[in-house]
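Please read the following note beside the sequence and the structure. The points are numbered so that each can be checked in turn.

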Amino acid sequence: MQRIVVERAGGVPVSRRAHVGAVASGNLEVLCEPAGAGARITVETSVDGYEPVWRATLERFLERNPIAATIEINDFGATPAMVSLRLEQALELAR
Amino acid sequence: MPVLGTRWNTGAVDKAERLSAIAFALSGKVLDASRLVDVLERLIRPGDRVCLEGDNQKQADFLSRSLAAVDPGIVHDVHLVISVLGRPEHIDLFERGIARRVDFSFSGPQSLRLAQLVDDGRVEIGAIHTYLELFGRYFVDLTPKIALVAADAADAAGNLYTGANTEETPTIVEATAFRNGIVIAQVNELVDELPRVDVPASWIDAVVVADRPYAIEPLFTRDPAEIDDVTILMAMLAIRGVYETHRVKRLNHGIGFDTAAIELLLPTYAEELGLRDEICTHWALNPHPTLIPAIECGWVRSVHCFGGELGMERYIAARPDIFFTGPDGSLRSNRALAQMAGLYATDLFIGSTLQLDRDANSSTATRGRIAGFGGAPNMGSDPRGRRHASEPWLALARGDDGIARGRKLVVQLVETFRSSGVPTFVERLDAVDMAGKAGLAIAPVMIYGDDVTHVVTEEGVAYLYKAENVDDRRAALAAIAGVTPVGMERRDERTNALRAAGVVAYPEDLGVRRSDARRSLLAATSMADLVRWSGDLYDPPARFRSW
């Protein structure tokens, strides 16, 4: 297990809570809720050793979507592509 | 001046001698199965070139298991020519010293053992070929002395019926039989009357009834239950960014879940886009079960097949307007002709790979494995001998000096990472290092970057054929390579310029919403769905059944 946190200041708050995905092999769960200012993404992943890939993926997501939100990710070996897609899906519901 | 004493029929004399040496086990053309090993020991001489029918799907496994059981003191140093080195006993031939040299195309399941044998100096690899190259060489400098092939049935005269899985049998037999080689066919059964004749008796020297039906793999069956949202997103991007953009009607799909997803989106997503009759009408394709919904919805006009697919027999026989079938109703496949069709008559090849470098060279060779390749390099290349035009082919033409010609669309469809930590986009292909270790003259690149016209990932589409120079090509690839080492070189300003020039398209540029990528878009989400679509004609192998 590894915990990774990525933060970014500013951004437009999301309007509601959202939950997508599931904790299953190759998949992940994303919980998104509104926050006053800034974005904070916390990842709990079952696969250790890929922090740079996680950071790059999450930073690109926040660059593309400057939001204020608290996001929790519970990962079970998802690919970066699946991570990005689930984040986009969660954001769509939370906006 | 003729040289005195020269003989011009040494091959025929040799053949007659060898056949007389095995006459003890023959009754007409029917060979006594219990004496097969003995026959092979008397027939094959050290150094002979032997073609064993190891196809992509069908395997002459009774013959290969018997060959692996001969005494290496009698039969040794054989030169094996085989398209797919796929069974354990194929490798045993080298471990036991029966065979020494191999020319082949693909070694998928045996790729690890083959690499070990190369390391141990137990096998010499002549070359790793594409299918068409290897078949071509059967008629030039790799003509077999002995061919060991597989068929469904024979009659007493030696005519063969190959059923849905004809694959390479006629090609191998033709090369051998017309050069005074010897052809032995294993058959599942001897019958009085064949449903149709696929290979005539005069090309066959002996038939032997196998101890069990020939081995065959359902290689092209993909369970829709395993297709995830990312794969669906990539399929949507391929449909909008390539198929719709270029109006691709004649095509080949490589093996895998990525192309299966495209097939399952035709009757749903592509139908909503109004693309029926505009794309995907004529196919060079194995009988993919995931194409059933598109066929049933009237999308498909014709499919010519490289081989059969287990479980698809009854469905195909009931759809003779779509598939090439014999007067008996069953599929007639032919790998050599389907490869030729895929090379020259289709406008697009799309497939996946394990590694792509920054120049879009692709390879399925990874560390410690010598996997080879099948048909992808044929179909995934621009045939410069092509002289007929079509709309998508012409759309890729460069220049207007009056002799501009088009290009085949060669599309690589890959997720940026294969699993969470393994990037598809790499600085250097493993194939390059592997070639050095295995003593190969060239790196086993599956598709060369300069043939690749489009790369599709979950991030978007790179229209490489539009790039003005090498720098732009690399920047376009980096723009869709995600957070891989290649993708981390992406620069926003450069990417925006490439998007404006249409060299890179992101989902939003193509009208694709990422969040629309959901399994509910698939025309079938399970094997049971495919069976239902087929009207219960498709009969999946047991391992694909959950019911």
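1. Leaving out residues up to four places away in sequence, Met82(A) touches Asn27(A), Leu28(A), Asp228(B) and Val230(B); two residues are in contact if their C-beta atoms, placed from the backbone, lie within 7 Å. Met82(A) belongs to helix H2 (residues 80–94) of chain A. Helices (H or I, at least four residues) and strands (E, at least two) are DSSP runs, numbered from the N terminus. Although Met82(A) and Asn27(A) are 55 residues apart along the chain, their C-alpha atoms are separated by 7.1 Å. Met82(A) is buried, because 24 other C-beta atoms lie within 10 Å; a residue is buried with 20 or more such atoms within 10 Å of its own C-beta, exposed with 12 or fewer, and partly exposed in between, all C-beta atoms being placed from the backbone.

2. This is a predicted model, in which local features need pLDDT of at least 70 and side-chain atom pairs count only at pLDDT 80 or more, while totals for chains, interfaces and linings use all residues. Residues are numbered from 1 along each chain as its sequence is written, and chains are lettered from A and ligands numbered from 1 in the order in which they are written.

3. The contact between the chains takes 17 residues from chain B and 17 residues from chain A. On the side of chain B that touches chain A, the elements giving two or more residues are H8 and strand E20 (417–419) of chain B. H8(B) provides the largest share of that side, 3 residues. By class, the side of chain B that touches chain A has 6 nonpolar, 6 polar and 5 charged residues; Ala, Val, Leu, Ile, Met, Phe, Trp, Tyr, Cys and Pro count as nonpolar, Asp, Glu, Lys and Arg as charged, and the others, Gly among them, as polar.

4. Which residues touch the most other members of the largest nonpolar core? They are Ala185(B), Ala238(B) and Leu265(B), in a core of 198 residues. Helix H8 (residues 229–246) of chain B gives the most to this core, 11 residues. Such a core is a set of buried Ala, Val, Leu, Ile, Met, Phe, Trp, Tyr and Cys residues joined through C-beta atoms within 7 Å. Apart from neighbours within four places in sequence, Ala185(B) is in contact with Val149(B), Ala150(B), Ala151(B), Ala154(B), Leu160(B), Ile204(B) and Val207(B).

5. Helix H7 (residues 169–177) of chain B is largely enclosed by the rest of the structure, because 7 of its 9 residues are buried. These are Thr169(B), Pro170(B), Thr171(B), Ile172(B), Val173(B), Ala175(B) and Thr176(B). Their cover includes strand E3 (49–52), H6, strand E8 (146–154), strand E10 (182–190) and H12 of chain B.

6. Two residues call for a check of phi. Arg247(B) is not a glycine, yet has a positive phi of about 55 degrees. Arg247(B) lies in the loop between H8 and strand E13 (250–253) of chain B, and counts as partly exposed because it has 14 C-beta neighbours inside 10 Å. Asp536(B), also a residue other than glycine, has a positive phi near 65 degrees. Asp536(B) is placed in the segment after helix H18 (527–533) of chain B, and with 10 C-beta neighbours inside 10 Å it counts as exposed. Most residues other than glycine have a negative phi.
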